[in-house]
Amino acid sequence: MGEAVAIPMTHGLLLAAMLFSIGLLGVLVRRNIILILMSLEVMLNACGLAFIVAGAHWGIADGQIMFMFILSIAAAEVSIALGLLLQVHRRFRSLDIDQASGMRG
């Protein structure tokens, strides 16, 4: 068995920043609701990765605990968003966000 390889904190945070930027770009550019939700999940995972990297760097488990909170928030977000997604699809027969933005109460 080989030795453990330590990844520098800057590399992990750079990866988290790139993933967050990709997710943010997906939220801003996409028009399909499913792709927007997927981009939000990428952003949440990037935040979780930043917590894990920081916790591993400082040798504490707080980053892993925060990641568990992020996972629970992501699960709640997905369940609520999929319910809303079904209602939007039933009403507009499309998943285009521009058609849903014209909703009236």
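Let us start with Phe-67, which is partly exposed in this predicted model, with a relative accessible area of 22%. To count as buried, a residue would need a value under 20%. Phe-67 is found in helix α3. Setting aside its neighbours within four places in sequence, Phe-67 is in contact with Asn-45, Gly-48 and Ile-52. Take Ile-52 as an example: Phe-67 and Ile-52 are 15 residues apart along the chain, and their C-alpha atoms are separated by 7.0 Å.

Helix α2 covers residues 33-58 and helix α3 covers residues 62-92; their axes come within 9 Å and cross at roughly 175°. How are α2 and α3 oriented relative to each other, roughly parallel or roughly antiparallel? An angle over 145 degrees counts as roughly antiparallel, and α2 and α3 are therefore roughly antiparallel to each other. On the α2 side, the residues making the contact include Ile-33, Leu-37, Leu-44, Asn-45, Cys-47, Gly-48 and Ile-52. On the α3 side, Gly-63, Phe-67, Ile-70, Ala-74, Ala-81, Leu-85 and Val-88 are among them. Sorted by class, this contact has 16 nonpolar, five polar and two charged residues.

Now look at α2 by itself. At its start, a side-chain oxygen of Asn-32 reaches to within 3.1 Å of the backbone nitrogen of Ile-34. After the helix comes Gly-59, whose phi is positive, near 75°.

Is Cys-47 buried or partly exposed? With a relative accessible area of 31%, Cys-47 is partly exposed. Beyond its neighbours within four places in sequence, Cys-47 is in contact with Phe-20 and Ile-70. For a sense of distance along the chain, Cys-47 and His-57 are 10 residues apart in sequence, and their C-alpha atoms are 15 Å apart in space.

Helix α3 can be checked in the same manner. Its 31 residues should span 45 Å at 1.5 Å a residue; the end C-alpha atoms are 44 Å apart, which agrees.

Our last stop is the loop between α3 and α4, where Arg-93 is found. Just after α3, Arg-93 takes a positive phi of about 60°. Most residues other than glycine have a negative phi. Arg-93 has its positive value as a residue other than glycine. At 65% relative accessibility, Arg-93 counts as exposed. Ser-94 is found in the loop between α3 and α4 (97-100) too, but at 18% relative accessibility, Ser-94 counts as buried. Leaving aside its neighbours within four places in sequence, Ser-94 is in contact with Val-88, His-89 and Gln-99.

Definitions and conventions
Residues numbered from 1 in each chain as written. Predicted model: local features only at pLDDT ≥ 70, side-chain atom pairs only at ≥ 80, totals over all residues. Heavy atoms only, no water. Axes fitted to C-alpha atoms, helices over the stretch in contact; angles between N-to-C directions. Helix = DSSP H or I, 4+ residues; strand = E, 2+ residues; numbered from the N terminus. Parallel < 35°, antiparallel > 145°, perpendicular 65-115°, else oblique. Contact = heavy atoms within 4.5 Å. Nonpolar A, V, L, I, M, F, W, Y, C, P; charged D, E, K, R; others polar. Buried < 20%, exposed > 50% of the residue type's maximum accessible area, 1.4 Å probe, protein only. Polar contact = N/O pair within 3.5 Å; in protein donor to acceptor, adjacent residues only side chain to side chain. Expected span 1.5 Å × (residues − 1).
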